[in-house]
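The briefing below is arranged by topic.

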Amino acid sequence: MHKLKLKTDGSVIAAIKQSILVIALLFIILPIFIFWDGVTAIPELNEILYDMLIVGIFLLLNYSILIFLLSRYSPVKILKIRKQIINFTRLFLKSETDGLLIHSVKWIYGIKGRKTIIDLYFNGLVKDSAEIGRKLSEYLGLPMLKYEESDGKARYIFANPPKRYDGIMLIGKGIPNEYKGDYKPDVSYEPIPIYDNIIWNYNSEALHILLIAPSGAGKSQFLRYLGGMVLRRQHMLHVIDAKNSDLGRLFRHIGVGVAVETDEIIKMLTKIVNEMNERYSKYFAADNADIDANFTSLGLKGEILIFDEVLAALGEADKKQKAEIERLLGQLALKGRAVGISLVITAQKLNATDLPKSITEQCQTRIILGAVVSDETFHQATGYYKKDIAGAYKGGVGKGYAITPKSDGLAYIETPQMPEKTSDYIMLFKELRDRGTPYGEGR
Ligand SMILES: Nc1ncnc2c1ncn2[C@@H]1O[C@H](COP(=O)(O)OP(=O)(O)OP(=O)(O)O)[C@@H](O)[C@H]1O
Ligand SMILES: [Mg+2]
């Protein structure tokens, strides 16, 4: 990272630059002026004047290159940013004269891959660092991906967002188009890519996902992708579709268990909890059980439950059923990890009392999508306030933010692109469901 302390007004540097320019011009003009009517009679003088001219041209050339490199048109990215920050500081930040010195802010900046990371140390001169971030983003012409403020310092990360993934390409990678041959997908514990460096690692503390998005913001499309990837990795998939939508129809059609009605939902949850307890008694209860074992080292398939619209399900249930659904979900959330049982839960909003903390707190991968998300939901889902991201909130359909234990704060995401028509990939899903270890075996 590069440091930029704008403590002087740059008069020293300006004086040096001007001196070089004056010397260069003098060295060029003087010989030309004297040589105007032809060379002088003194050969030594001719030689000196000639050398002066060469030096003058050399200085002028270097001076121009230097000015160009240090300008905001510089082809060297880091120098360009340096100049932009200097200009920005003069335009937008208050400085105070302190004798000969000018008391100003301090910047530390650097480029990492496609990201420009800029730290601003306020030095008591900045009131609204979020506002400064917004202005800086406009000034640099780069979207702000991230903003964090801590004692006396703000960090801004700017970058053009990377392209979203092509969901079907990832799910179908390496699978013959006609689904011919004896191709067998292997069970894989490789994390599922979501966007940029955001992944779903169901073999980590971040195995449970809580996905919050208002209607139409892309929950179900994202679940199709995640479900497809679960099949691709050859784990067991279970789907609860409380709104009885085309998501459930898709997975039912290809032979995945789907629950819609309250009693079906309770039955499905009970079955998974039983499976979980069986796995515990089979692999972890014996005296000689390996303490460090988990489902990957035991070679077990993961059991993944996609629960779309959990609040709709709880709303449909009577009091007793609601308590039962919450109890079962709570158990899966709390104990699922070691035996490879993970939850993907979605809801349209999340207020403090909507879901028991015993469930939400276990979901360490949080995703929020959509343009219109209330402050309360945003805060409940991510632990951040919308103002924390400097008004740079850029949610939309399939666009929003993720937070995982590895993501180092809130990260902007776009969910993988899925085709408009289910018919474009239903065969692929069915193929993945049917191939490899017969579904339901390998337990
Ligand atoms: N990842 C995506 N790829 C392609 N299109 C998407 C994606 N996400 C959302 N869309 C578009 O947005 C529409 C709504 O998405 P989706 O049905 O997933 O929303 P939802 O959050 O499940 O809404 P609802 O509350 O109505 O169930 C889709 O029909 C699709 O056109
Ligand atoms: Mg939906």
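Just after α6, Gln-234 adopts a positive phi of about 65°. This is a predicted model, in which local features need pLDDT of at least 70, side-chain atom pairs count only at pLDDT 80 or more, and totals for chains, interfaces and linings use all residues. Residues are numbered from 1 along each chain as its sequence is written, and side-chain values use heavy atoms, with hydrogens and water left out.

**Helix α6**
- Because 12 of its 14 residues are buried, α6 is largely enclosed by the rest of the structure (buried means under 20% relative accessible area, with a 1.4 Å probe and protein chains only).
- The buried residues of α6 include Lys-219, Phe-222, Arg-224 and Arg-232.

**Ligand 1**
- Of the 18 residues around ligand 1 (a heavy atom within 4 Å), Gly-216, Lys-219, Ser-220, Gln-221 and Pro-416 come nearest.
- Oxygen atoms of ligand 1 lie 3.1 Å from a backbone N or O atom of Gly-218 and 2.8 Å from a backbone N or O atom of Gln-221.
- A side-chain N or O atom of Ser-215 is 3.0 Å from an oxygen atom of ligand 1.
- The protein covers 75% of the 620 Å² of accessible area that ligand 1 has on its own (Shrake-Rupley method, 1.4 Å probe).

Notes: Chains lettered and ligands numbered in written order. Buried < 20%, exposed > 50% of the residue type's maximum accessible area, 1.4 Å probe, protein only. Helix = DSSP H or I, 4+ residues; strand = E, 2+ residues; numbered from the N terminus. Polar contact = N/O pair within 3.5 Å; in protein donor to acceptor, adjacent residues only side chain to side chain.
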